[in-house]
Amino acid sequence: MAIVTKLPNGKYLMCYEIVNDPDQGIYFKISDDGMDYGDPALYGTRAETADGKFVGSMPYCVWTKNGGPNGTIILSGKRDSGWLGMRDPGKFLVNYNLGEGPWEQVDMLVSYDSRIHQAGWSMGMAVIENDTRLIQLAPTQMNPVLLQVSYGIGVMETEEG
């Protein structure tokens, strides 16, 4: 699954998972036109922190103008660094430099148990209310056989002028 978000410099960031990769990390590529992302045989760059932490499976990414001069790319995945278990909270990865350099971890808005097969599957995010809030949607377990879509809304931190 690939998700594309437009960056403020006119470029596009595409995030995606590599299925059957041992870590199931989320990778990204940047394109000048949103159509050409280079050689499809190349994995791209795995989004990870300076100490090697990453998110895996079911990627979603958005860009917001908040967080610094370049805004912030927010990336979600079903699991943290390949680990399966309770994500309470799990972590987003964020990058304040248009995808360059290391990413940082911040708490997600929805908690769920990633050992439940469909929990956390195909999460969504959107910047809402004139770029002042982030909404995250995620399937969460209601009982042993049913899931529901849960959501969390967070206030975006803004850079003081």
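Biologist: In which loop is Ser57 found?
Modeller: Keep in mind that we're looking at a predicted model. Strand E5 covers 55-56 and strand E6 covers 60-64. Ser57 is found in the loop between strand E5 and strand E6.

Biologist: Is Ser57 buried or exposed?
Modeller: Its relative accessible area comes to 3%. The cut-off for buried is under 20%. So Ser57, at 3%, is buried.

Biologist: Which residues does Ser57 touch, leaving out those up to four places away in sequence?
Modeller: We skip the sequence neighbours, and contact here means heavy atoms within 4.5 Å. On that basis, the residues Ser57 touches are Glu17, Gln24, Ile26, Gly77, Lys78 and Arg79.

Biologist: What is phi of Ser57 near?
Modeller: Most residues other than glycine have a negative phi. Ser57 isn't a glycine, yet its phi is positive. The value is near 70°.

Biologist: What about Asp131, which has a positive phi too: about what value is it?
Modeller: Asp131 sits in the loop between strand E13 (124-128) and strand E14 (133-141). Asp131 is not a glycine either, and its positive phi is about 65°.

Biologist: Does Asp131 count as buried or exposed?
Modeller: The number to look at is its relative accessibility, 15%. Buried means under 20%. Asp131 therefore counts as buried.

Biologist: Over to Ser31: in which strand is its place?
Modeller: The strand to look for runs over residues 26-31. That puts Ser31 in strand E3.

Biologist: What relative accessibility makes Ser31 count as buried?
Modeller: The limit for buried is under 20%. Ser31 counts as buried because its relative accessibility is 2%.

Biologist: Which backbone atoms does the side chain of Ser31 reach?
Modeller: One is a backbone nitrogen, reached at 2.8 Å, and it belongs to Gly34. There's also a backbone oxygen at 2.8 Å, from Asp36. Asp36 turns up among the residues Ser31 touches as well, along with Lys11, Tyr12 and Tyr37. The atoms you asked for are the nitrogen of Gly34 and the oxygen of Asp36.

Biologist: Zooming out, what radius of gyration does the protein have?
Modeller: The C-alpha trace spans about 45 × 40 × 30 Å along its principal axes. With 161 residues, a compact globule would come out near 15 Å. The protein agrees with that, at 15 Å.

Methods:
Residues numbered from 1 in each chain as written. Predicted model: local features only at pLDDT ≥ 70, side-chain atom pairs only at ≥ 80, totals over all residues. Heavy atoms only, no water. Helix = DSSP H or I, 4+ residues; strand = E, 2+ residues; numbered from the N terminus. Buried < 20%, exposed > 50% of the residue type's maximum accessible area, 1.4 Å probe, protein only. Polar contact = N/O pair within 3.5 Å; in protein donor to acceptor, adjacent residues only side chain to side chain. Rg over C-alpha atoms; globule rule 2.2 N^0.38 Å.
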